[in-house]
Amino acid sequence: VTADTAVTLHRDHAGVFLEARLPPGHVAFVDGDAVDQSPAGPVEAIVVTNDADAVRRAAHAFATAARHVVELLSVQPDRPVEVAGNGLLAHLIRAPLGGRATIGLGEGPPVAVVDTSGSPARIADALRRLDELGTLILAGQARGRDLTLNLYTDLHRRSLTITGVPAPVLNGPPPDGWRLPVHVALAEPRRVVARTNVLPGAVWYLLEPEGTIGRQQPTT
Amino acid sequence: VAVAGKGLIGHGIVWPALGQARLEPMDAPPPRPGDIVVDITTSVVSPGTERAWFLGLPNARVDFPFRPGYAASGVALEVGDGVEDICPGDAVTLLGVPHQSVATVPSERVRRVPLGVGARQAAMLQLGAIARYGVRRASIGAGQPFAVVGAGLVGTLTRRLAAADGAGPCTVIARSHTKEAVAGTDADRFLAVADGMDTVNAVGAPVVVDATGHADGLVTAVAAAAPGGRVVLLGSQRAESSILPIETIRKKRLQVVGTHVCALERELALGLSNGITGEADVVLDALADGRLCVDDLFPEDDLDPREASRFYLRLVRDRTIVGVSFDWTGFPTSGERRTTAGRRRRSTTIGDPFSGAAGPVRFGMIGCGEIAVLSAEALSLSPNTSVTACHDLVPRLASDLASQLGAEPSATVDALLERSDVDAVLLSLPHHLHAPLAVQAAEAGKHVVVEKPPANDLAAAVRMVRSVERAGVTMSICFPQRYEVAAVLARQHIEAIGEPSGVEVRWFADKPPSYRYNGFTGRSSSDWRMRRERAGGGVLLMNLSHEFDLIRHLLGLEVDEVMAVTTNIEGSGEVEDHVTVGVRYQNGAIGWFAATAAARGLREESLRVWGRDGHLDLKPVPVVYTLRADCELPVERKVRLRPRAVWPARAVYFSRFATAVAEGRPPDVTGSDGLAVQALLSAAYQAADTGCMARPANLLKEAGA
C-alpha cells in the first residue's frame with residue numbers, strides 16, 4: 001500500500017510533527033528527505049503490516065524505486081551524476097553508482113541530477129547546474145509545489161530532460177535472502193513514538209500506529 | 001552579374017532598433033575558400049521567433065542593428081576554393097541566413113535543392129530542421145498517437161514530419177480556434193484550450209510536443225500527456241517565468257525533453273547526431289519524395305521586401321500568420337550599389353475635372369447674399385452650368401448677382417420656380433430655410449442644390465431629403481472641398497495608409513465680431529448666424545461640417561459614437577464659437593476635431609488621417625507616407641503631393657452635379673451624404689448638451705431616416 005494520506009507532516013513553532021492515521025496493526029515508513037525539506041501536508045509513506053519483516057519489505061520498496069532511477073542513469077554518458085539527498089532513496093541510488101555519484105558540486109556540470117527532496121529551490125538549482133543535454137530525475141515529493149523558472153534558459157535552450165519517477169511502492173515480498181546494501185542497512189529507520197522528542201536528520205523513519213508522533217527541534 | 005573579386009551589392013532587411021524595420025543596401029563579400037555566394041530568391045519568415053525578436057520579448061533579445069531571418073533559398077552564383085559539391089547555377093537552400101538578396105555563406109550551411117522542390121519549400125529548411133529535431137527527440141514511433149500543442153509554423157511542420165514517419169493519429173491543441181483552419185487540413189483532431197482543460201486532460205497522448213513558445217504551453221502539454229509519456233518542449237518560451245509542473249511530471253512519470261536547435265552542435269561534437277545538417281537532410285528527403293508538403297502553409301503571395309516595415313507591424317498584431325516569405329527576385333544582385341531598387345516614380349497627374357461634362361443645367365439662385373457670390377462665380381466657370389434667375393428677399397442682392405451673371409432677377413420664389421428656363425435651384429439661405437424651400441422647389445420639379453449644412457436640424461434635413469426623393473428630382477448638398485485638387489490627390493492615394501486608425505482635424509479662425517451680423521462680405525446684414533434655431537449651430541455646423549464630409553469622402557467610414565464639448569467664449573449669440581469633438585468610427589478608428597471661430601490672430605487648418613500602413617496630411621500641405629510598395633509611392637518616405645493643376649473646386653462641384661442631372665444618375669454628393677453629416681452634427685450637439693456619448697445612427701432612426 002502506498003499511502004498518500006496516511007501520514008501528514010505538521011510544522012509549528014516547536015518543530016516538525018508527523019501525524020499517522022494507520023489501519024490497526026500497521027506501521028508507516030517515510031523517507032528522511034520527505035521530512036527534512038518538506039512543507040506541511042501529506043507525506044508519501046510505505047504502509048505495511050507491523051510484523052518482523054516490516055522493515056525489510058519497506059526497504060525493498062525503496063530499493064526497487066532506486067533501481068529504476070539507476071537504470072535511467074545507466075543510459076547517461078559515463079560521467080559524474082549528482083544525488084544530493086540524505087534519505088534512504090538517495091542512499092540506495094548512490095550505492096550502485098559508486099564513485100560516479102557525487103553528493104554536491106563536482107568537477108564540471110553534472111550530466112544528471114537526481115532530486116529526492118521535491119524542493120522547487122533545489123530542483124531549480126539543479127537545472128541551472130546541469131550540463132547541456134543533461135537529465136534531471138524527479139524522485140522527491142513536490143507536495144503541491146510547482147516550480148516557477150525561466151523555461152527557456154533553464155531547460156529548453158540547453159535541451160535538458162526531466163524525468164519523473166514514481167514514489168516507492170510495495171510490490172510483493174522481497175526475494176528470499178534479499179538484504180539492503182550493508183552500509184545502507186546501517187541506517188536503521190528511526191523509530192518515532194508519539195509525544196517524544198526525536199533528533200532530526202534520520203535516513204528514514206518508522207512511524208508506529210495511531211496518535212501523533214512528534215519530532216521537535218533540539219533545544220539549546 | 002557577379003563581379004569577381006569585388007563582392008556583390010544587394011539589399012537586406014535591417015532592424016535598426018526594437019520595433020523598426022527597413023530595407024538597406026548590403027554587401028556580400030567575395031567567397032573565401034569553402035564559401036558560396038548565393039543569389040537569394042526567397043526567404044521564409046519564422047513568425048514566432050521574429051515576432052519575439054521584433055518586440056524584444058523575454059528570451060528573445062537581440063543586438064541592434066539586427067538582421068532578422070534564418071531560412072532562405074536561391075541560386076549559387078560563385079563558389080570558393082575547396083567547394084566541390086555545389087556549382088554555380090545550382091539551386092540551393094541556406095541555413096541560418098537573414099532576409100537578404102545575396103549572401104556569402106560557408107558551404108556547410110548550404111544544401112543543394114533536390115529536383116522537384118520549389119524555392120519556397122526549400123527555404124523552409126531551417127524551420128524544418130528545428131521541427132525535425134523535435135520529432136527525433138520525441139521518439140514518436142510509427143503508428144503511435146501523438147499531440148502537438150500549437151498550430152503555428154513549427155507546430156505544423158512537426159506534425160507533418162511525424163506523420164511522414166508514419167506516426168499518428170495526431171491531436172492539435174491550440175489556445176483558441178483561430179488557427180483551426182490551417183491545422184484542420186491534416187490534423188486528426190483539433191482542441192482549443194479556450195474550450196476548457198477537461199478535453200485537454202483527456203487526450204492522454206503518449207507523446208506531446210509543445211511548439212507554442214507560450215508560458216503556459218508546457219502545462220498544457222503535460223496535461224495532455226498520458227502517464228509514462230514523453231513531452232517535448234520545442235517552442236522557445238517568450239516569458240521570464242513559466243510554471244514547471246514538477247508534481248504532475250513525477251506523478252505521471254513523464255519525461256520532459258527540452259529541444260533547442262542550439263544543442264545540435266553539442267550532439268555533433270559528442271557524436272550523437274549529424275547536427276543540424278543531418279536534420280535538414282531528412283527534411284529535404286521528405287520534401288523531395290513528397291512525404292512532406294508545405295505549399296498550403298503559404299496562403300498569401302510573397303512579400304515585397306520594400307514592405308518589411310509594414311509586414312513586421314502586421315506580424316505583431318496578426319496571430320493568424322503561419323507561413324510567409326519574402327520574394328527577392330526583384331532585387332537582382334549587382335556589382336554596383338543600387339540605392340533606388342524597386343522604386344517607382346510617383347504620379348500626381350490628374351485629369352481635366354470638366355472632361356465629360358454634360359448638360360447644360362440652368363440654375364435659379366435663391367439667396368444671393370454671402371456664399372452665393374462664390375457659387376455664382378463657380379456656376380459661371382463651370383462649362384455646363386448657367387444661371388438664368390436670381391431671387392433674394394433683399395431685391396438689391398438678387399439684381400446685383402443677376403446683372404453680373406446675365407440672369408434675370410425674380411421677385412418671388414414662386415416666380416423663379418415657375419420659370420421654364422430654370423432646371424435646378426441653388427439654395428444659399430439661412431439654414432432654417434433650406435428644408436422648406438428645397439421641398440417647394442422639388443415639388444415644382446426643380447433639381448435642388450443646398451448649400452451646406454443640409455438644414456438647421458436633423459429632423460428638418462430628413463423631411464427635406466425624403467420629400468425631394470419623393471418628388472423624383474436630383475438633390476445634392478454643396479460640399480465642394482471634395483473637389484479641391486489636394487483632396488482629389490489624397491483620395492487617389494488614400495489606400496497608402498491602409499486600414500484607417502485615426503483622424504485629426506483642426507480648424508482655427510479669427511472671425512471678426514462683425515461676421516455675426518454681416519458675414520465676411522457685409523453684403524447682407526442679419527443676426528441669423530447667432531440664433532441656434534435659425535442657424536442650427538456655430539463653428540461646428542458652419543465650418544467643421546466640411547471636414548466631416550471630407551473625412552467620410554476620404555475614408556468611406558461612418559461615425560459610430562460621438563463625444564463633444566462646446567463653449568461660447570465671446571458670449572454673444574446662442575451658438576458655440578469653440579468646439580472639440582471626439583468620434584469613434586465603425587471600424588474602431590478614432591478621430592478628434594477641434595475648431596474655434598475666435599482664436600485671435602490664427603488662421604490655421606490641418607487635416608490628417610492615418611492607418612496601419614501610413615499617414616496622409618491633406619492640410620495644410622498634402623503629404624503622404626506609406627509602408628506599402630503597391631501604391632506607386634516610395635516606401636517609408638514622406639512624399640509631398642504636388643498637384644500639376646489648379647482648378648476651382650466649387651465650379652467642379654456644380655459641373656459634376658449638372659452632369660449627373662443630365663445623365664440621370666445620382667450626384668457625387670447625395671442627400672444621404674448630407675443626412676450623414678447632419679446626423680453627426682446633431683450627435684455632437686446632443687453629446688455636448690448631455691455630456692453623454694451620442695450615436696448618429698440612433699438619431700437618424702429617431703428622425704425617421
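The model is a predicted one, in which local features need pLDDT of at least 70 and side-chain atom pairs count only at pLDDT 80 or more, while totals for chains, interfaces and linings use all residues. Residues are numbered from 1 along each chain as its sequence is written, chains are lettered from A and ligands numbered from 1 in the order in which they are written, and side-chain values use heavy atoms, with hydrogens and water left out.

| Property of chain B | Value |
|---|---|
| Box filled by the C-alpha atoms, along the principal axes | roughly 105 × 65 × 45 Å |
| Distance between the mean positions of the 73 positive and 80 negative charges | 3 Å |

For the charges, Lys and Arg count as positive and Asp and Glu as negative, without His and the chain ends, and each is placed at NZ of Lys, CZ of Arg, CG of Asp or CD of Glu.

The secondary structure of chain B comprises 23 helices and 29 strands, which are DSSP runs numbered from the N terminus (helices H or I, at least four residues; strands E, at least two). Helix 7 of chain B, residues 217-224, is mostly covered, with 7 of its 8 residues buried, among them G217(B), L218(B) and T220(B).

A60(B) lies in the loop between helix 1 (47-55) and strand 4 (71-79) of chain B and is buried at a relative accessible area of 2%. Leaving aside residues up to four places away in sequence, A60(B) touches A52(B), W53(B) and R238(B), where contact means heavy atoms within 4.5 Å. The C-alpha atoms of A60(B) and S236(B) are 8.8 Å apart, although 176 residues separate the two in sequence.

In chain A, D154(A) sits in helix 5 (residues 151-156) and is buried, with a relative accessible area of 8%.

Methods: Buried means under 20% relative accessible area, exposed over 50%, partly exposed in between (1.4 Å probe, protein chains only).
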